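Me: Please take a close look at one part for me. Begin with the chain as a whole, then move to the site around the ligand.

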Amino acid sequence: ADTIRIGTVAPKTGPLAGGALVSQWPNVDLWIQEVNERGGLKLKDGQKKIELVAYDDKTNPTEHIKAVQRLATQDKVDFIIAPYGTGFNIAAAPIYAKYDYPQIAVTSVTDQIGELTERYPSLFFTLGSTTAFVEGLRDVLVKLKDEGKINNKIAMVNVADAFGIELAEVARPTFEAAGFELVYDKSYPLGTPDLSPIVKGAKATDADSFVAWSYPPDTFGLTEQAVIEDLNVKVFYTAVATAFPAYGGKFGAQIENVLGAGGVNPDTPEMQAYRTKHEEVTGKAPDYWASANTYASLQILETAIEAVGEVNREAVTDYIKTHTFDTIMGPISFENQNSNRFWTVGQWQGGVFRGVVSSNIDGAVDVKLKDGWK
Amino acid sequence: MTAKGWKDLVLIGVLVLAAAFVPLVTDGYWLSIAVTAMMYIALTTAWTLFSGPTHYISLATGAFFGVGGYLVATGMSDHDLPFWLMAAIAPVVSVVLAALIGAATLRLSGIYFVIFTLGLAEMIRGLVSWVQNNFLGSRGLYVLTDFTEAHIYWMLLAIAATVYVIGWLIDRSRLGFAMKIIGNDEGVAKHLGIDTARAKVLLFMVTGFFSTLVGAIVAPRYSYIEPNQVFSPELSFMVVIMALLGGTQKLWGPIIGVIPFILIWETITASFPNATTLYLGLCFLAIVYFLPNGVVGLVQKIIAKGRSA
Amino acid sequence: MLTVKGLKAAYGMHQALAGVDLRIALGEIVVILGANGAGKSTLLRAVAGLCEGQVSGEIALDGLPLHTLPPEEIVEAGIAFVPEGRGIFGDLSVSENLQLGAYSRHARKNRIANLERVYDLFPKLKERGRQIARTMSGGEQQMVAIGRAMMADPKILMLDEPSLGLSPLLSKELFQNLSRISATGLGVLLVEQNAKLSLGISDRGYLIENGAITGEDRASALLHDPAVQAAYLGGATAS
Amino acid sequence: MDILISGLLLGGTYALVAMGLNLQYGVARIMNLANGETLVLGALAAFLAFTAISLSPLVTMLVVAPLSFAANWVAYRLLLRPLVKRAKSPGQLEVDSILATFGISFALVGLMVSIHGEYYTYSFLARPIEILGTTVAENRLVAALVAAGIGAALVGWLNFTRTGTAVRAVSVDRQAAQLVGINVARVSALAFALGGAVTATGGTLISTFITLDGSMGVIFTMKALIIVIMGGVGDLRGSIIAAIVLGLVETAVASLIDPGLTLVSAYVIFLGILLFRPQGLFGKRNA
Amino acid sequence: MSTGRSILTVDRLTKRFGGLVAVNDLSFEVREHEVMGLIGPNGSGKTTTMNLISGAFAPTSGTIHLEGRRLSGLGAHEVTRAGVSRTFQLVRVLPGLSLIDNVIAGAAFGHKRRWGGPAKEQAVRLLQRVGLGAQIGLPVSALTYIDQKRLELARALAGEPEVLLLDEWLAGLNPTELQEGIALISDLRREGRTIILVEHVMDAIRSLCDRCVVMNSGAKIAEGTPQAVLSDPEVIRAYLGDE
Ligand SMILES: Nc1ncnc2c1ncn2[C@@H]1O[C@H](COP(=O)(O)OP(=O)(O)OP(=O)(O)O)[C@@H](O)[C@H]1O
Ligand SMILES: Nc1ncnc2c1ncn2[C@@H]1O[C@H](COP(=O)(O)OP(=O)(O)OP(=O)(O)O)[C@@H](O)[C@H]1O
Ligand SMILES: [Mg+2]
Ligand SMILES: [Mg+2]
């Protein structure tokens, strides 16, 4: 064949679609367009353009499994881009493993990395573990506390769904061990229409830090409520979607110094080039976190395929395990199928969401205190 | 009627036997479709046990299914309990739950019952997540087992067959007859000496038991359980739609509703990856307008035509 | 004057009415007698525009053709119908039922007077104005139904077995009231099993069999017709 | 005080969600599972108009309402009326309308996702305002006020106008309504269309303070169903009161007990009400 | 004829609906093998009394006993099992079931239970008995009004009740059918059934009843043989109207 077929399954509808349409789909499109513009992937028997086979899993695991099976056994695609979301990556892992597809999971944060990579020899993680995620924030807080800039009280809330419960559960002992006191610690159900009681509750405490393990709709909601209630904390952290351009678009200058999950170093030439190209091709800016990771994961896949030079999935998997890759995020390599180069905490500074805590990536900026919501 | 009944049962027996060979001839895509279909067959048949004769459209499937998946997941990942133990406990929990709900909702009729059951899944999800968040704690609900798709398929097939046989037995029993009368006129049923409350609760419990069992068996397939997904209202609706599509007056209605549904669904998903949902919607509409009596109606019409020709 | 010409109605293959002709003048009471299943209800429903079957033929009220009109226009034109089973708003109160009876445009003008008339006829409805109609006894519901039809200020009032379930006293009263109503210039078309009482107040009667009119005469003549006595008055007076 | 005011505002939001469905289900007898999508469609319109040409959602609302009215009228006449005609029993209609509107809801989700798949989020009147010592968001206040306005207008219309009376009559008993000279088909279409207009209006307002996306309709459909049932099918006052009760209870639980229990408490209230009044607060037994 | 022992005892029965007293301190007895007529103006509480006996409603106060067993307070299904069957003022057949199944429904859960073969045989017998022998194969929806009433009666008989409640079973019949209906009920009486009959058809009351209880506004205003009560001036005033 003169093309190489690459498959992907991710949500276009359902609860996770909003996120996937920011972080996942545009990068897939961007990458394929770039590779094909270049003439395709360079293999031993010549350059091959990528033909994409994409399905919508509707954010439904049953659908997802079926669609991946379809890619593997019906469409018989040559490679598959990893799914969007922790649950989907884990649910699909047995299929990737069975047919030897390398699975470079991006939007997947779990504390079971060890067990999972042992079970599934072609599964790679790039975004770090739940614990690393929490510890990143802890480090920020500890630093500020030690500098005497904030008190040792935290108001913490979480969305009562898998991800939120998990993070809160890890955060409780982690924060306490670091000498913090959780003066407010509540959960709220997914899809809560009015978050004002929560913000009011947090405001009633004397905590200097507000931490929300939140999902996209409530990240927007909590921030808006905080503006309205004038929640006067020095550290304001919301999790998923804080790094979305739409977050900056909605709140403008009000969110200066808001902390959130993820981050990038936007100043490297590679990253600047990527962001420009992303806007040019997809018509919108990438987010300041998973977009870059997603794109980097595709670069890894691309490099490994070209290096192997043929559609030999096992060889590609082995290549990924043993090599270091040049990506827009800098060099990435895997140790026990897990990359330890990722950002955990970022902060809006001057209209850009910059990484403030990373694991092994340079370019972190200093954390600043939140100073009102003007 | 009895001879015909036995014929149905034998036919189903043959089908089950044939179905058992599916994983031997295919794995991969068609098997995963078969697993999905088998899951829905089990769920819709269980649904029909209760909702077919009573005409109560129950949207509680999601609640029971969720309890199954969720209990297995917490048991396994937070308390290191074995899968089989949890798969055995979960349905029992649901039976108790169904008895409570049944007792509480007896006075509700029609749409009030429908919406109540719809709310139920949400309520249980809310309660369960809250309890876990505040008292149990969880570092993620993983259901990592060595089951393959084929194992899950066979287990679901066994459940589906069991549900069918139970349904067949109930159909022939006085309980089944009582349910038919209740479906016709509940007030009359009482005056004929039927303890309508008991009959309804009993059947609701059976439905709950099997829906939960399916949830428990399917959990390893998802590997990672999110309450939001297992307690999904969409699942409840899907089951209703497939059952209605098949026709609820015959026990085998759901089976012949599910299979074409899944196939159409799959064809659309594969052919229109960018607008799957849109085309699925249009397809539902077409079905409603062109198949007014469900697939069973269509089949019966064809049979009738065949006979008269 | 209501005139019906060549009215046919069929439910699928089943011909329920096979070309019926009849007329009712204003101020006249006409009764239709017939066995069960003869097509009496079908006839009334067809006139009211509510028959589920396939209907053909001509119906006109004072020259205005009705068979082309939808049911609400037929009410507007001045036909009120009390069906078998009464058709009241079971979940509304008695007075709401009566108010809704006067929904059609022309009826709203005479609402107050008509309400007086109904309360005169059925004082109980006034007492029980706030009771939910469904909880009334069988006979009381019948009163609501008739009262509501009268609120529509009709030219022709059609009643399908109105005495069903009424006590002897109330049946008598009802029939007396019907003559009083018709005396105010209303045409009354009545379907009844109680042939004796209904012929007693009627001006004319039709006999219907298998969907066709088989006889028509003055009520007094029918009352003494031996064939009619055998079929419709037969045993009822004996025993 | 805090709780009372926040609760009332939330109740206003819920009323916006539920009033339309009550008209559609109570009167036209269509259990519209696409109700939530209608709402999200309103939100999408507000979002697009705001981000593209900075149009105030309050203006968009005035455009959306008649459009939605027209679209729902057409949908009723073309898609649902045939089902009503064909149905031999109320049960059959219920089944058919569940299937059909489920299909419509899928189609609408597909449509919306193809227009804009990401979150609909923007800032409009996201400013604090003090009422009686409580800080609330202006956008929520506006939504609640509009809800109150719509609710009052609808209740007045239903009770004091001829058409409104006809609508109520149809909701109680279609056959009886026909007997008194009401054009049931027209009134049903009217109620369905009006319900759609109210729902879409609600969507434009809600989008000012809740972040939505194309797939979120089902959440609103469910809330709306719960509220309609709690208040009693076919009685708008019931829905409004149920919405307020729900708003107050959720806010009280979130503030005084635990925000994690709001959802649970909402259903406990729902259950409790149904146990004592199986037909809902204002429901008629046979509806 | 009316010398049998008393089988059903209604004692000081009262039923209130909100402010309305539908049945007011009503007492009477029904003797074995008799047909007792329950008559009275519309809204006088006859159907309500039937509903109280059959367990559809619980009484506000007062008791009902069947052969010494207390019925008041039991659910409708328990009352039926104890031996009371009824028909409804507005017919309620089971449209989704065949004629035979409609009758079996009465046998399967009733006072004397039958199931399977015997129930079926009995159903056929009863259908013939009430005059539906020729219609056995038809769907219920094809039955005329009178035939539906017949079906309801067969269903009520299938459980072999001790006491049968007939609420305006004869209403809406034309004279010929009325004759058939009356004949059917007198057959039942001859068999030794105990029946409570609510009717507005005086011919039926006269020819069928051994005794009558007359109600007005929820209370008993007269009791005795049909001839006696129907000539009672109070009954004439409230119920019959002067001839
Ligand atoms: N909706 C319907 N569908 C099919 N057949 C019908 C329908 N309504 C009536 N019929 C049939 O049409 C015929 C005439 O019925 P109709 O109700 O007009 O008789 P009727 O004279 O009013 O009898 P009754 O005295 O029992 O009320 C009957 O054979 C009946 O079974
Ligand atoms: N569920 C109820 N709620 C309120 N009032 C009721 C209810 N059921 C009956 N009633 C009232 O109780 C009284 C007695 O009604 P019932 O039905 O027993 O009368 P009845 O003697 O059977 O009359 P009919 O001969 O007209 O059938 C009536 O005034 C009726 O309105
Ligand atoms: Mg008739
Ligand atoms: Mg009565």
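Reply: Chain A has a radius of gyration of 21 Å, which agrees with the value near 21 Å for a compact globule of 374 residues. That radius is taken over C-alpha atoms, and the globule rule is 2.2 Å times the number of residues to the power 0.38. This is a predicted model: local features need pLDDT of at least 70, side-chain atom pairs need 80 or more, and totals for chains, interfaces and linings use all residues. Residues are numbered from 1 along each chain as its sequence is written, chains are lettered from A and ligands numbered from 1 in the order written, and side-chain values use heavy atoms, without hydrogens and water.

The C-alpha trace of chain A spans about 65 × 40 × 35 Å along its principal axes. Of its 374 residues, 68% are buried (under 20% relative accessible area, 1.4 Å probe, protein chains only).

Now the ligand. Ligand 1 has 15 residues around it (a heavy atom within 4 Å). Asn36(C), Gly37(C), Lys40(C), Ser41(C) and Thr42(C) come nearest. Helix H1(C) gives the most to this shell, with 3 residues. Helices are DSSP runs of H or I, at least four residues long, numbered from the N terminus.

Polar contacts pair N or O atoms within 3.5 Å. A nitrogen atom of ligand 1 is 3.3 Å from a side-chain N or O atom of Tyr11(C). One oxygen atom of ligand 1 lies 3.0 Å from a side-chain N or O atom of Glu84(C). An oxygen atom of ligand 1 is also 2.8 Å from a polar backbone atom of Gly39(C). The protein covers 69% of the 640 Å² of accessible area that ligand 1 has on its own (Shrake-Rupley method, 1.4 Å probe).

Key:
A polar contact is a pair of N or O atoms within 3.5 Å; within protein, one must be able to donate a hydrogen and the other to accept it, and residues adjacent in sequence count only if both atoms are side-chain atoms. Helices (H or I, at least four residues) and strands (E, at least two) are DSSP runs, numbered from the N terminus. Buried means under 20% relative accessible area, exposed over 50%, partly exposed in between (1.4 Å probe, protein chains only).
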